[in-house]
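I opened this notebook to record what I looked up in one structure. The entries follow the order in which I looked.

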Amino acid sequence: MKRMTREWVRKAEDDFQAAGVLAARRGPFHDQVCFHCQQSAEKYLKALLEERSVAIPKTHDLEDLLDLALPHFSLLDRLRRGLRFLTDFAVDPRYPLLRTTKRQAVAALRWAGEVRDACRALLGIAPSRGRRRRSP
């Protein structure tokens with residue numbers, strides 16, 4: 001695996017773990033959970049692109065990243081619906097009056113986990129030994 005691919009994976013995993021920690025805490029951290037889930041998925045997709053030497057655009061649109069990855073990883077198409085859902089959390093939850101719900105946070109964590117598992121498998125990274133973080 002390329003060094004830069006490993007760096008993308010490390011950042012993606014940090015976001016995924018942060019989402020899990022926030023989801024397990026008391027308090028309404030739904031915005032932050034959703035944001036970190038989107039960030040994790042984005043970085044995992046960018047890791048795949050890096051590994052295949054595809055130019056990585058500066059975008060938060062996960063469907064755009066998916067379209068770039070599909071010629072190399074056709075199995076990812078099954079994640080399109082989840083990636084479309086997660087894309088909305090790249091910006092909106094960071095601003096006032098745009099709040100996410102517990103239900104959205106639960107779904108975001110589930111989809112981020114699906115993206116994580118798929119990307120790690122495609123990169124030849126063994127599944128995580130630990131259990132996934134609990135939902136909010």
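The entries below go from the whole chain to single helices and residues.

**Entry 1. The chain as a whole**

I note at the outset that this is a predicted model. I looked up the secondary structure and found 5 helices and 0 strands. Read along the sequence, the pattern is α-α-α-α-α.

I then turned to overall dimensions. The C-alpha trace spans about 40 × 30 × 25 Å along its principal axes. A compact globule with 136 residues would have a radius of gyration near 14 Å, and the chain agrees because its own value is 14 Å.

Of the 136 residues, 47% are buried. Among contacts with a separation of 6 or more, 65% join residues 24 or more positions apart. The chain exposes about 7900 Å², and carbon and sulfur atoms supply 51% of that area.

**Entry 2. Helix α1**

I began with α1, which covers residues 3-24 and has 22 residues. Its first and last C-alpha atoms are 32 Å apart, close to the 32 Å expected at 1.5 Å a residue. The buried residues of α1 include T5, V9, A12, F16, A19 and A23. I asked which helices these buried residues pack against. The buried residues of α1 pack against α2 (30-51) and α5 (102-122).

An α-helix has 3.6 residues a turn, so residues three or four places apart point the same way.

**Entry 3. Residue D15**

Is D15 buried or exposed? D15 counts as buried because its relative accessible area is 8%, below the 20% cut-off. I then looked up its contacts, leaving aside neighbours within four places in sequence. By that count D15 is in contact with H36, Q39, S40 and K43.

**Entry 4. Helix α5 and what follows it**

The 21 residues of α5 should span 30 Å at 1.5 Å a residue, and the end C-alpha atoms are 30 Å apart, which agrees. Among the buried residues of α5 are A105, L109, W111, G113, V115 and C119; R116 and R120 are also buried. The buried residues of α5 pack against α1, α2 and α4 (80-87).

Just after α5, G124 takes a positive phi of about 75 degrees. S128 is partly exposed, with a relative accessible area of 36%. Where does S128 stand in relation to D117? The two are 11 residues apart in sequence and 8.8 Å apart in space, C-alpha to C-alpha. Leaving aside neighbours within four places in sequence, S128 is in contact with R116 and R120.

**Entry 5. Cysteines**

I searched the whole structure for disulfides and found 0. C37 is in no disulfide, and the nearest cysteine sulfur, that of C34, is 6.5 Å away. C37 is buried, with a relative accessible area of 0%.

**Entry 6. Aromatic rings**

I looked for aromatic pairs and the count came to 1. The pair is F85 and F89, whose ring centres are 5.0 Å apart. Their planes stand at 85 degrees, so the pair is edge-to-face. F85 is partly exposed, with a relative accessible area of 24%, whereas F89 is buried at 4%.

**Entry 7. Positive phi outside glycine**

S53 lies in the loop between α2 and α3 (62-69). Its phi is near 60 degrees, a positive value in a residue other than glycine. S53 is exposed, with a relative accessible area of 56%.

L97 lies in the loop between α4 and α5. L97 has a positive phi of about 70 degrees although it is not a glycine. Is L97 buried or exposed? L97 counts as exposed, because its relative accessibility is 85%.

Key. Residues numbered from 1 in each chain as written. Predicted model: local features only at pLDDT ≥ 70, side-chain atom pairs only at ≥ 80, totals over all residues. Heavy atoms only, no water. Helix = DSSP H or I, 4+ residues; strand = E, 2+ residues; numbered from the N terminus. Expected span 1.5 Å × (residues − 1). Buried < 20%, exposed > 50% of the residue type's maximum accessible area, 1.4 Å probe, protein only. Contact = heavy atoms within 4.5 Å. Disulfide = S-S within 2.5 Å. Phe/Tyr/Trp six-rings, centres within 6.5 Å; stacked < 30°, edge-to-face > 60°. Rg over C-alpha atoms; globule rule 2.2 N^0.38 Å. Areas by Shrake-Rupley, 256 points an atom, 1.4 Å probe, with all protein chains shown as cover.
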